Amino acid sequence: MRLYGPSGRVRCCRRWSTVTLAELTLAGDLVRPARLTVPDLLRWPQHRADVSFECATSGIQHHEFAGPRLYDVLADAGPGFDPARRKDLLRFLIAVTGTDGHHALLSWAEIDPDFADAPVLLGVTIDGTPLDAAGPQLVLPQDRCGARHISGITAIRVDGGYRFGTAERRETAGRLRPAPAAPGHPSAATV
C-alpha cells in the first residue's frame with residue numbers, strides 16, 4: 001500500500017520514505033497545460049494491461065502495467081478542438097518524449113473512443129512496482145513491437161497545428177513547394 005504525504009514522501013511497507021518524484025509536462029494546444037507526477041496520475045481511473053511486445057535489444061518482453069488511459073488525462077487537459085468543426089480533432093497529434101530522448105507520435109483519433117479507442121495507458125506501475133521516481137511509461141497494448149513504449153515520460157505535447165489541405169501538392173515548374181504555414185506554426189520549409 002502506498003500513501004502520499006507532502007513533497008514526495010511515500011508511505012510504503014509501514015514506513016515513510018522520501019522519493020524524488022519524476023514530472024511530466026502536458027503542453028501544446030491545451031486549455032489546461034500541466035506538470036504531473038505519478039501520484040497526480042492516480043487521480044484518474046486506473047486500468048491494468050498485460051502486455052507482450054518485441055524489443056529489438058532484449059527480445060520478447062512480458063509486463064503488467066497499471067495507470068490511467070492517456071485519453072482521460074489529455075481530455076481533462078482540454079485539447080483545443082474547434083467545437084464548430086465536427087472532425088476537427090482528426091488534425092491533432094500527440095508527441096511523447098522520454099528521459100532517454102526516445103519519442104513516439106500518436107494521432108488523437110487513435111486514442112479517442114469515437115474512433116480507434118486504443119487502450120493507451122500512462123503506466124504508473126510495472127509488474128507491481130511503482131514508477132514514482134522513474135516517471136510513467138507510455139503503454140500501447142495493441143502494438144506488437146515495443147518501439148512506441150516510452151519509459152520515463154518527460155513531456156506530452158498535443159499539437160493541432162496540422163491543417164487538412166495544407167499538404168496538398170503545389171507545383172511550380174514541376175517542383176513541389178512547401179505548404180504555407182498555419183498561423184503560429186512554422187512551414188515545412190523552416191522545420
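**Strand β9**

I started with strand β9, residues 103-107, where the side chains alternate. Ala104 and Leu106 point to one face and are buried. For the record, buried is under 20% relative accessible area, exposed is over 50%, and partly exposed lies in between, with a 1.4 Å probe and protein chains only. In a regular strand the side chains alternate between the two faces of the sheet.

I noted the ground rules next. This is a predicted model, with pLDDT of at least 70 needed for local features, pLDDT 80 or more for side-chain atom pairs, and all residues used in totals for chains, interfaces and linings. Residues are numbered from 1 along each chain as its sequence is written, and side-chain values use heavy atoms, with hydrogens and water left out.

What does β9 pair with? I find strand β8, residues 93-98, in the antiparallel sense over five bridges. Pairing here requires that DSSP finds at least two bridges between two strands. Strands are DSSP runs of E with at least two residues, helices are runs of H or I with at least four, and both are numbered from the N terminus. I looked up threonine 97 and got histidine 103 in β9 as its bridge partner. β8 and β9 form a hairpin with four residues between them. Glycine 101 sits in the turn and has a positive phi of about 85°.

**Open sheet**

I then traced a sheet of four strands. It is open, runs in the order β6-β7-β11-β12, and its pairing is antiparallel. β6 (47-55) and β12 stand at the edges, each with a single partner strand, so one side of each has no neighbour in the sheet. Nine bridges join β6 to β7, residues 59-67, and the two run antiparallel. I checked serine 52 and found histidine 62 in β7 opposite.

I looked at two aspartates. Aspartate 127 is in the loop between β11 (125-126) and β12 (129-130). Its phi is near 50°, a positive value in a residue other than glycine. Aspartate 127 is partly exposed, at 44% relative accessible area. Aspartate 117 lies in the loop between α3 (108-111) and β10 (121-123). Phi of aspartate 117 is near 55°, again positive in a residue other than glycine. I read 33% relative accessible area for aspartate 117, so it counts as partly exposed.

**Aromatic pairs**

How many aromatic pairs does a search of the whole structure find? It finds three. Rings of Phe, Tyr and Trp (its six-membered ring) pair if their centres lie within 6.5 Å; planes under 30 degrees apart are stacked, over 60 edge-to-face, and the rest tilted.

One of them is tyrosine 71 with tryptophan 108, tilted, at 5.7 Å centre to centre and 55° between the planes. This pair links distant parts of the chain, 37 residues apart: tyrosine 71 is in helix α2 (residues 70-76), tryptophan 108 in helix α3. Tyrosine 71 is partly exposed at 22%, whereas tryptophan 108 is buried at 1%.

I also logged phenylalanine 81 with phenylalanine 92. The centres of these two rings are 4.8 Å apart and the planes stand at 90°, so the pair is edge-to-face. Both residues are in the loop between α2 and β8, 11 residues apart. Phenylalanine 81 is partly exposed at 26% relative accessibility. Phenylalanine 92 is buried at 1%.

Last entry: Tyr71, Phe81, Phe92 and Trp108 form one aromatic cluster.
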